Each structure stands twice: as structure tokens, then as C-alpha cells.
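Visitor: I am new to this structure and would like to be walked through it. Could we begin with how its helices pack?

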Amino acid sequence: MVVPITTTGAIIGLLVAIILIIKRFEPFYCLVFGALVGGLIGGANLVNTVTYMADGGKSMAPAILRVMTSGFLAATLIKTGAVDKISEEIIRLLGLKKAILGIVLSSMILAGVGVDLDVVVLTVGPIGMAMGNKLGYSKLAILLAALGGGKAGNIISPNPNTLAAASNFNVELSSVMLANVIPAIFGVIITTILANMLINKGSKVEIEIKLDEDENLPSLFASLIGPIVSIILLFLGNVSTIVVDPLVALPAGAVVSILATKNVHKTKEYLSYGVEKMQGVCILLLGTGTLVGIIQMSNLQHSTTELLAILSIPQVLLAPISGVVMSLATASTTGGATVASSTFSSAILSSGLSGVAGAAMVNAGACVFEHLPHGALFHASSRSVSMEIKERFKLLPYEIIIGLVIVTSSTVIQLLLK
């Protein structure tokens, strides 16, 4: 017997999960406990609550499968040195005079080809520090350039957040990636402007940073060919009748990358590293699924639609708003995009938006608050440039501005195309 969950119960469950996450408890257990509390308070008995949670977890299986396989490509790019080569070449080509733009573009491209943001900032940060030492730039400017560029790249990437949004709206990943290209460009522009405003504010790089010059780094061609192959395969469905799922396209790019960099003998190592990199994300998705299962059995979608009507907010804005709110709750692009797209996809589609538009706007909204202190990115980014936590907080308003520019431009573009 199906027992609906009350809106109040679903909201309380979500709030419990959010509070525990902010208190720095393990996110997976926070989400599971929040789901359990939400179901029981919402009127379901223990058996029904657990069933809804399990069903929600099952619904995450396609996204989890694709995310796990995407780890092979990410691992290959990191372990072969392709990530370092790409970032170094971009910054070298632009030179010291355009150092900030070089850092922004480097981060955008690395995130755009499927490298997670923690790795992006930890890779680009030291390079930016070395340049900052020569130019007298502040750590604030360097880190904002890396983070803003990463935000821009993340919304057009085959990363877990985009994979989850595309999967929950049942649309092609490549279409969601393509839909946010112009917002990503806006993100690059606003990041470059804001970072340049900060070059003389805050602490400077006081110690000379010497980068290790690894002569064993692959060539630029070998570094890029793998992700290029993956992206071409993903986009085949947009220009032909051949549709290649990310489950195939992303590992195919990894294989090409391994061959191009002549690292076939390290394949086992890369596979293990890929699983290690993605298992945390997949566990998060599974925990998110339990909470989503409770929310989907509640009246929350209907209540949210009614609230928008009362406030005279068009229902089409539910897509970006839900992404923004859920990223605020989870401090994670992946968590925000997953919860928002799973919970509100039906309501968003009923507003008249296409699946691609809804997924793109949710994904863009999920980048606004991914950097908050109750998430991992905040702390990883601090380490990347040896920044004190007190100073790291000063960047939060600038990061929010970049995110808002991205989601606003995405929303405007999708509504104009509607």
C-alpha cells in the first residue's frame, strides 16, 4: 500500500540532512538519516519509508554506473600527467601579461574535459602561485581565477553533476553540455574581471614557488586526444543517428589517452585510481537517492509549484532556483544537481521547458554555492594556494557573483530558445 509523505515531513527530512552536513558529519549518513526522519514524520511507517528510500537509491543506478566509468578517463588524465601538461601549455602560451586569463582558461578546460574541481584547483593552484610570485599578485586573485574557471568548465563537462542532470531529465549528456557553452563564456569573462580586481588585495605569495619540471610529461596532442575522442563520441548523437552513451564514450577516451601517452602497462593502476576517485561521488549519489525517494513520494513538488504561484514567480524558474537552493544545502554541484533534477524534473517539464533546458538550468544553478565551507571544495581550494581559512572566506561573495552570472545567463538563453 502506497502511503504519501506530507510536504512537511519531506522538508523536515531535508533540513535534518542539511544541518548534519553543515555540522561536518559524513554526508552519506546525513542524507540517509534525513530520509528516514522525513518518511516517518511525513506519515509513512518504517516499512514504507525504507521501501521509498530503497526505490530512490535504485533510481540512481544509471547515473552511478556512468559516473564510475567516467572515473577511468579522469584517472588517465591525472595519472599520465595530461592535466599538468594542458594547464602548463595554456598558461605558457598566454604568457605573464595575461596570467589571470591563463589560469581561468586552464581551469575551465581541465574541468570541461572531465576533471573534478578539487583536482583542478590543486593542479592549477601551484602554477598560479609561481606566476603570482613573479608578478606580485595576491593569492585571492589566483584562487578566484582557478575556481571561477572551474565553475565555467564544470557546467559544460561530462562530470558527475552534468551526468546526473542529464540522466534525471532523460536527455543526452552532450546536449546538456552544449546548452551551457555561452553561460560558460560569461563565467570566464566575469571571473577574469573580478580576479583582476583582486590582484593587489590580500596576502601575496611570499615564498618563491619552483615547479617541478617533469620531462616525462606527455605531449600536448597526447594529453588532449583522449578527451577530444570522448567529446566527439558524445556529440555524434547531435549530428547523426549514432548515439554513444557516456558509459562507452568516456572509457573509450581513456583507452585512447593511455595509448597516446604510451602507458598501457599502467592500465591496472589507472583503473584502480579511477574507482578510488569516483567511489566517494557514487556513495554521495546513493545517499542522495534515499532522500530523493522520500521527496518524490511527497507533495513537495506540488507545494513548491503552489508557492511559486502565490509569489507570482513563473514556474519555469523552478529549474534554476532548485539548483541554487540545493547547492546551498549540499555545498556540492553534484549533490545540488542530483537532488534538484531528481526531485523537481516532473514539475519543471510540466512548466513547458524541454528536458535539455531544464537540465542545463539546474546544472548551472548548482554551481552557485558549491564552494561553501560545509563542502570539500572550500577546504581543497584553501590548500591549493596555502591560504588561511579567514582569508578564504573573503572570496565567497565573488564566487557567488560568478555563479549567479552563470545561472542567470543560462536561464535567459534557455527561455529565449523556448
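**Helix packing and salt bridges**

Guide: Helix 7 (residues 117-135) packs with helix 19 (residues 376-384) at an angle of about 20°, and their axes are 8 Å apart. Please note that this is a predicted model.

Visitor: Are helix 7 and helix 19 roughly parallel or roughly antiparallel to each other?

Guide: Angles under 35 degrees count as roughly parallel, and helix 7 and helix 19 are therefore roughly parallel to each other. Their crossing is right-handed.

Visitor: Which residues in helix 7 and helix 19 meet?

Guide: From helix 7 there are Leu 117, Asp 118, Val 121, Leu 122, Gly 125, Pro 126 and Met 129, and they meet Ala 376, Leu 377, Ala 380, Ser 381 and Ser 384 in helix 19. By class, the contact of helix 7 with helix 19 divides into 8 nonpolar, 3 polar and 1 charged residues.

Visitor: Staying with helix 19, which of its residues are buried?

Guide: The buried residues of helix 19 are Leu 377, Phe 378, Ala 380, Ser 381, Ser 382 and Ser 384.

Visitor: And which helices do the buried residues of helix 19 pack against?

Guide: They pack against helix 7, helix 8 (139-154), helix 20 (389-392) and helix 21 (396-417). Helix 19 is followed by Ser 386, which has a positive phi, near 50°.

Visitor: Let us go to the start of the chain. At what angle do helix 1 and helix 2 pack?

Guide: Helix 1 (residues 7-22) and helix 2 (residues 27-41) pack at about 155°, and their axes are 7 Å apart. Angles over 145 degrees count as roughly antiparallel, and helix 1 and helix 2 are therefore roughly antiparallel to each other. The crossing of helix 1 and helix 2 is right-handed.

Visitor: What meets what between helix 1 and helix 2?

Guide: Gly 9, Ala 10, Ile 12, Gly 13, Val 16, Ala 17, Leu 20 and Ile 21 belong to helix 1; they meet Pro 27, Cys 30, Leu 31, Phe 33, Gly 34, Val 37, Gly 38 and Ile 41 in helix 2. The contact of helix 1 with helix 2 has 12 nonpolar and 4 polar residues, and no charged ones.

Visitor: What about helix 4 and helix 13, how do they cross?

Guide: The axes of helix 4 and helix 13 (residues 246-260) come within 8 Å and cross at roughly 15°. That makes helix 4 roughly parallel to helix 13. Helix 4 passes helix 13 in a left-handed crossing. On the helix 4 side the contact includes Leu 65, Arg 66, Phe 72 and Leu 73, and on the helix 13 side it includes Leu 247, Leu 250, Val 255 and Ile 258. By class, the contact of helix 4 with helix 13 has 11 nonpolar, 5 polar and 1 charged residues.

Visitor: A change of topic: how many salt bridges does the structure hold?

Guide: The structure holds 8 salt bridges. One of them joins the side chains of Lys 79 and Glu 269, at 3.6 Å from N to O. Lys 79 lies in helix 4 (residues 61-79) and Glu 269 in helix 14 (residues 267-296), so the pair ties together parts that are 190 residues apart in sequence.

Visitor: What is the relative accessible area of Lys 79, and what is that of Glu 269?

Guide: Lys 79 is partly exposed, with a relative accessible area of 36%. Glu 269 is also partly exposed, and its relative accessible area is 40%.

Visitor: Which residues are linked in a network of salt bridges?

Guide: Lys 85, Glu 89 and Arg 92 are linked in such a network. Lys 85 forms a salt bridge with Glu 89, with the closest N and O atoms 3.4 Å apart. Glu 89 forms a salt bridge with Arg 92, where the closest N and O atoms are 2.8 Å apart.

Visitor: Why are Lys 85 and Glu 89 separated by about one helical turn?

Guide: Lys 85 and Glu 89 are separated by about one helical turn because they are 4 residues apart in helix 5 (residues 82-94). Glu 89 and Arg 92 are 3 residues apart in helix 5, again a separation of about one helical turn.

Visitor: Is Glu 89 buried or exposed, and is Arg 92 buried or exposed?

Guide: Glu 89 counts as buried at 14% relative accessibility, whereas Arg 92 counts as exposed at 53%.

Technical notes: Residues are numbered from 1 along each chain as its sequence is written. This is a predicted model: local features need pLDDT of at least 70, side-chain atom pairs count only at pLDDT 80 or more; totals for chains, interfaces and linings use all residues. Side-chain values use heavy atoms; hydrogens and water are left out. Axes are lines fitted to C-alpha atoms, for helices over the stretch in contact, and angles run from 0 to 180 degrees between N-to-C directions. Helices (H or I, at least four residues) and strands (E, at least two) are DSSP runs, numbered from the N terminus. Angles under 35 degrees count as roughly parallel, over 145 as roughly antiparallel, 65 to 115 as roughly perpendicular and the rest as oblique. A crossing is left-handed if the near helix is turned anticlockwise from the far one by less than a right angle, and right-handed if clockwise. Contact means heavy atoms within 4.5 Å. Ala, Val, Leu, Ile, Met, Phe, Trp, Tyr, Cys and Pro count as nonpolar, Asp, Glu, Lys and Arg as charged, and the others, Gly among them, as polar. A salt bridge is a side-chain nitrogen of Lys or Arg within 4 Å of a carboxyl oxygen of Asp or Glu. Buried means under 20% relative accessible area, exposed over 50%, partly exposed in between (1.4 Å probe, protein chains only).
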